[in-house]
Amino acid sequence: MYLWCIYYIFERKFMAEKRTMTLNLTETEMNVLEDLAAKKDLNKTVVIRQALRLYQMVDQRIREGKKVFIEDSMTKDKSELVLI
Amino acid sequence: MEKSLLYLERRKTGEAVEAELWDDISDEHIQLWQDDWLPLVEEAKQTLERAGVPREKWPQDLHWKWDKKTIWSRGLLSLRRFTITCEEKLQGLMLVNLTKMTGRVAEQKGKDLAYIEFVSTAPWNRPDMTKEPTFRGVGSVMVRVAIELSREESFHGRIGLHSLPQATRFYREICGMTELGPDGSYHGLAYFEMTESQALKFCS
């Protein structure tokens, strides 16, 4: 009974209504997009969406005065990511 | 803000009680958190203090400021907020990040997942904070919500989280997630991940 009750629910979708746009990419850019989509097991739209989310997050952190670093997991060397 | 119907189990009677899942944390929810939830958290802190329990052993979510987390995360595309209410009271809150982590389990290494940043059940539902908890199931529903969000995002139900010490058994045994051990880069908290097949099993 309990399990049925909690698992009965999820008919609705969490995604907001979407708008469509045309994206013009060079062949190289398209190759990169397709490569990422294949590696990540995502479609190209989702890769672009993830890229936008990440870009916004990094931009926000930097606006807050934070620094964003990329760390080499082996050597622990850090390099700062700078958005200009 | 959208809401959908779900059911929680009243612990005392076992009855299923209608509840609401909201796909955001509104100002009204924050007000409920401040009016009803926070005073009990402060009370629990004082009890722990009086009992001489060292601070490092307190449930860490006692310190979480949901008002600040909500305000900060609004407008950020990576972060999704969820609320469960029942009988006009707040029952649970969750913040999910869609870009923070990628898979660590071999079969999904490097693939995107929905990462549960924070999830809390209201003090009146927690056996560690009240003698007679009101509802059961809030944590399980929140895990299910994260799985559904992951599926919506084409992540195939993959989710991940760092667990507070008091919740590791729940994620390991109830949710059937893979435990990858303490994460030195994240306060030493145990890291858990759910694969596509584990998500299917959890939801079946």
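User: Where does D41(A) lie in chain A?
Analyst: D41(A) lies in the loop between α2 (27-40) and α3 of chain A, where helices (H or I, at least four residues) and strands (E, at least two) are DSSP runs, numbered from the N terminus. This is a predicted model, in which local features need pLDDT of at least 70 and side-chain atom pairs count only at pLDDT 80 or more, while totals for chains, interfaces and linings use all residues. Residues are numbered from 1 along each chain as its sequence is written, and chains are lettered from A and ligands numbered from 1 in the order in which they are written.

User: And what is the phi of D41(A) like?
Analyst: D41(A) is not a glycine, yet its phi is positive, about 60°. Most residues other than glycine have a negative phi.

User: Is D41(A) buried, exposed or partly exposed?
Analyst: D41(A) is partly exposed, because 17 other C-beta atoms lie within 10 Å. A residue is buried if 20 or more other C-beta atoms lie within 10 Å of its own, exposed if 12 or fewer, and partly exposed in between, with C-beta atoms placed from the backbone.

User: What about a residue in chain B, say H187(B), where is that?
Analyst: H187(B) is in the loop between β8 (178-182) and β9 (190-194) of chain B. Its phi is also positive, near 55°, in a residue other than glycine, and H187(B) counts as exposed because it has 10 C-beta neighbours inside 10 Å.

User: Why does L21(B) count as buried?
Analyst: L21(B) counts as buried because it has 25 C-beta neighbours inside 10 Å.

User: Switching to helices, how do α1(B) and α2(B) pack?
Analyst: Helix α1 (residues 27-50) and helix α2 (residues 66-73) of chain B pack at an angle of about 165°, with their axes 10 Å apart; axes are lines fitted to C-alpha atoms, for helices over the stretch in contact, and angles run from 0 to 180 degrees between N-to-C directions. α1(B) and α2(B) are therefore roughly antiparallel to each other, since angles under 35 degrees count as roughly parallel, over 145 as roughly antiparallel, 65 to 115 as roughly perpendicular and the rest as oblique.

User: Which residues make the contact?
Analyst: I30(B), W33(B) and Q34(B) of α1(B) meet W66(B), D67(B) and T70(B) of α2(B), where contact requires C-beta atoms, placed from the backbone, to lie within 7 Å.

Definitions and conventions
Two residues are in contact if their C-beta atoms, placed from the backbone, lie within 7 Å.
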